Amino acid sequence: MRSPKTSASSLVMTGITMLLLLLLLLLLLDPAAAQESCALPTTYKWTSTEALAAPKSGWVSLKDFTHVVHEGRHLVYATTHGTASGWGSMAFAPFGNWTDLASAAQTAMASAAVAPTLFYFAPRDVWVLAYQWGPTAFTYRTSADPTNPNGWSAAQPLFSGTISGSSTGCIDQTVIGDDANMYLFFAGDNGKIYRASMPIGRFPGNFGTASTVVLSDTTNNLFEAVEVYTVKGSAPPQYLMIVEAIGSGGRFFRSFTASSLGGTWTPQAATESNPFAGKANSGAAWTNDISHGDLIRENADQTKTVDPCNLQLLYQGRAANSGGDYGSLPYRPGLLTLQR
């Protein structure tokens, strides 16, 4: 016969074992419960790489980056400008680590896709590449293999509208979706950010000709390169918008948040002294500009989800002493990593 002391110890050990098994079961049923959750900071501070790659012979700049992780490897598309030619586009061969970008093959696209936006549209199991300066204001192509920069479908209209009070017209589109709708956001180098939408069941397709102004300010405060993301782990839902601005010390990003993609955007880190990312907080010594790029996304799909615990920004920068015609500015890719 066991002593009362031994029986009590056994009961305690049995209880602990059952509790551990219950916790394990909960984690198996909900893996997200084991993951850290972070809120967006109100003040951002980054570290930066040096320039990660130089353009191949014949090009003077690499810019306007869009990025996804595909089959465990980084995939980057970008705008190019040639030494003796105008604007074009390219893709890097998929690579494993950011230090590999310098040696990744650079392939020009036969049909230019300037200021590209790349994502996987899960409801139709298709990759989408949206861009400007095609047959319509914004255009898209589709593919089953995003790693082949010259394997995209024929061009299709994404947006056929126009805007007023802009010397450039519609530029720098981005596309994002929630459960019900797809949204197109874009700029006009005129102090305004625009939005159009359609039911998700109609996408890929044409957003039409109508758009709504969702932000309005001076030209320098809302210039171009708008991007919009879903914030991982936010409840209620939160969305993050970044917009490139022109400051006294160079290009920088301002940030805004909203509780719905069709809702109102509120400034978050939106000044040159306290930007989302800029000379004031980038940690970059090689460039004053923190310009057109893409946050590294948690997934490749249309939700464009980013993780506040692990924010990184692939951006375009240029040597601080460089100048001249805009197309000839020597933009290069750099990577910011948020310090928490």
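Q: In which strand is the place of alanine 115?
A: This is a predicted model, and its strands are numbered from the N terminus. The place of alanine 115 falls within residues 114–121, which make up strand E6.

Q: Is alanine 115 buried or exposed?
A: A residue counts as buried when its relative accessible area is under 20%. Alanine 115 has a relative accessibility of 2%, and therefore it counts as buried.

Q: With which side chain does the side chain of lysine 63 make a polar contact?
A: Lysine 63 is found in strand E2. Its relative accessible area is 4%, so lysine 63 is buried. Leaving aside neighbours within four places in sequence, lysine 63 is in contact with several residues, including Ala78, Thr79, Trp87 and Gln316. The polar contact, at 3.1 Å, is made with the side chain of tyrosine 326.

Q: How many strands does the protein chain have?
A: Strands E2 and E6 belong to a chain whose secondary structure also includes a helix. The chain has one helix, and its number of strands is 21.

Q: What share of the residues in the protein chain is buried?
A: The protein chain has 340 residues. Its accessible surface comes to about 14,700 Å², and 54% of that belongs to carbon and sulfur atoms. The buried share of the residues is 50%.

Q: Which strands stand at the edges of the open sheet of four strands?
A: The order in this sheet is E10-E11-E12-E13, with antiparallel pairing. Each edge strand has a single partner, so one side of each is left without a neighbour in the sheet; these strands are E10 (171–177) and E13.

Q: What is the average twist from one strand to the next in this open sheet?
A: The sheet is formed by four strands, paired in the antiparallel sense. From one strand to the next, the twist averages 25°.

Q: Which residue in E13 is the bridge partner of isoleucine 193?
A: Strands E12 and E13 pair in the antiparallel sense over four bridges. In E13, the residue that partners isoleucine 193 is leucine 215.

Q: Which residue does a cis peptide bond join to phenylalanine 203?
A: Most peptide bonds are trans. Here the bond is cis, with omega about 0°.

Q: How many residues of strand E8 are buried?
A: Strand E8 covers residues 138–143, which are six residues. This strand is largely enclosed by the rest of the structure, because the number of its residues that are buried is five.

Q: Which residue has a positive phi in the hairpin of E7 and E8?
A: Six bridges join strand E7 (residues 126–132) to E8, and the two run antiparallel. One of the bridges pairs leucine 129 with arginine 141 in E8. The hairpin has five residues between the strands, and the positive phi, near 65°, is taken by tryptophan 133.

Q: Which residue in E9 stands opposite phenylalanine 138?
A: E8 and E9 pair in the antiparallel sense over three bridges. The residue in E9 opposite phenylalanine 138 is phenylalanine 159.

Q: What kind of aromatic pair do phenylalanine 159 and phenylalanine 186 form?
A: By the ring-centre rule, the count comes to 20 aromatic pairs. In this one the centres are 5.2 Å apart and the angle between the planes is 45°. The pair links distant parts of the chain, with phenylalanine 159 in strand E9 and phenylalanine 186 in strand E11, 27 residues apart. Planes under 30 degrees apart count as stacked and those over 60 as edge-to-face, so this pair is tilted.

Methods. Residues numbered from 1 in each chain as written. Predicted model: local features only at pLDDT ≥ 70, side-chain atom pairs only at ≥ 80, totals over all residues. Heavy atoms only, no water. Buried < 20%, exposed > 50% of the residue type's maximum accessible area, 1.4 Å probe, protein only. Polar contact = N/O pair within 3.5 Å; in protein donor to acceptor, adjacent residues only side chain to side chain. Contact = heavy atoms within 4.5 Å. Areas by Shrake-Rupley, 256 points an atom, 1.4 Å probe, with all protein chains shown as cover. Pairing = 2+ DSSP bridges. Axes fitted to C-alpha atoms, helices over the stretch in contact; angles between N-to-C directions. Phe/Tyr/Trp six-rings, centres within 6.5 Å; stacked < 30°, edge-to-face > 60°.
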